[in-house]
Amino acid sequence: MNSVIFAALALLAIGFIFKVVSDEEKRNFFRTLVAALLVIGLVSVFTLPVITENRIRHLLDTMAVVSFVLAVLFLLGYIKMDQKIRMQRGELHGGPKNGRAKKSK
């Protein structure tokens with residue numbers, strides 16, 4: 001029960017912080033979170049052959065899968081945030097430039 005309350009408070013804190021910070025800081029948060037989740041997943045995978053107890057092996061296996069899935073989800077959020085920031089800066093254009101794309105009849 002305590003872990004559910006802690007998780008809810010953490011989500012509320014992240015939601016509050018996301019309202020206050022800029023898009024650039026949100027993008028950096030996603031990048032850091034993806035890197036941390038990938039490190040956790042890789043450490044879980046590479047320590048799996050060393051562990052002999054089945055309960056811990058199952059825990060490490062589950063942790064690796066969950067961390068990789070969360071890393072992919074947060075990577076999609078990072079890509080969306082990066083695309084938004086680059087479009088605001090004018091580095092990424094929404095459509096083809098004039099003269100480059102020809103319409104076929």
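Trainee: What covers the buried residues of α3?
Mentor: The cover includes α2. Contact here means heavy atoms within 4.5 Å. Helices are DSSP runs (H or I, at least four residues), numbered from the N terminus.

Trainee: Where do these values come from?
Mentor: This is a predicted model: local features need pLDDT of at least 70, side-chain atom pairs count only at pLDDT 80 or more, and totals for chains, interfaces and linings use all residues. Residues are numbered from 1 along each chain as its sequence is written, and side-chain values use heavy atoms, with hydrogens and water left out.

Trainee: Back to α3. Which residues are buried there?
Mentor: L60, A64, S67, A71, Y78, M81, D82 and I85. Buried means under 20% relative accessible area, exposed means over 50%, and partly exposed lies in between (1.4 Å probe, protein chains only).

Trainee: How many residues does α3 have, and what is its reach?
Mentor: α3 has 36 residues. From first C-alpha to last it reaches 52 Å, close to the 52 Å expected at 1.5 Å a residue. The expected span is 1.5 Å times one less than the number of residues.

Trainee: What follows α3?
Mentor: G90 does, with a positive phi near 90°.

Trainee: Switching to charges. How many salt bridges are there?
Mentor: A search of the whole structure finds 9. The rule is a side-chain nitrogen of Lys or Arg within 4 Å of a carboxyl oxygen of Asp or Glu. One of them joins K84 and D23, at 3.6 Å from N to O.

Trainee: Which helices hold K84 and D23?
Mentor: K84 is in α3 (residues 54–89) and D23 in helix α2 (residues 23–47), so the pair ties together parts 61 residues apart in sequence.

Trainee: What does E24 form with R89?
Mentor: A salt bridge, with the closest N and O atoms 2.8 Å apart. E24 sits in helix α2 and R89 in helix α3, so this pair ties together parts 65 residues apart in sequence. E24 is partly exposed at 27% relative accessible area. R89 is partly exposed too, at 47%.

Trainee: Which residue forms a salt bridge with R89 at 3.8 Å?
Mentor: E91, counting between the closest N and O atoms. E91 is partly exposed, at 45% relative accessibility. Shared partners join E24, R27, D82, R86, R89 and E91 into one network of salt bridges.

Trainee: R86 is on that list. What does R86 touch?
Mentor: E91 and L92, leaving aside residues up to four places away in sequence. R86 lies in helix α3. At 31% relative accessibility, R86 is partly exposed.

Trainee: And K26, buried or exposed?
Mentor: Buried, with a relative accessible area of 15%. K26 is in helix α2. Not counting residues up to four places away in sequence, K26 touches F18, V21 and M81.

Trainee: New topic. How many aromatic pairs?
Mentor: The structure holds 2. In the F30 and F74 pair, the ring centres are 5.9 Å apart and the planes sit at 40°, so the pair is tilted. Rings of Phe, Tyr and Trp (its six-membered ring) pair if their centres lie within 6.5 Å; planes under 30 degrees apart are stacked, over 60 edge-to-face, the rest tilted.

Trainee: Where do F30 and F74 lie?
Mentor: F30 is in helix α2 and F74 in helix α3, so the pair ties together parts 44 residues apart in sequence. F30 is buried, at 11% relative accessible area. F74 is partly exposed, at 26%.

Trainee: Which residues do the ring pairs link into a cluster?
Mentor: F29, F30 and F74.

Trainee: Now the surface. Which residues form a nonpolar patch?
Mentor: V65, V66, V69, L70, V72, L73, L75, L76 and I79. Together they have about 770 Å² of accessible area, by the Shrake-Rupley method with a 1.4 Å probe, where for residues only the protein chains shown count as cover. Patch residues have over 30% relative accessible area and no salt bridge; like charges are joined within 9 Å, and nonpolar side chains (Val, Leu, Ile, Met, Phe, Trp, Tyr) within 5 Å.

Trainee: Take L76. Buried or exposed?
Mentor: Exposed, at 52% relative accessibility. L76 is in helix α3.

Note on methods. Helix = DSSP H or I, 4+ residues; strand = E, 2+ residues; numbered from the N terminus.
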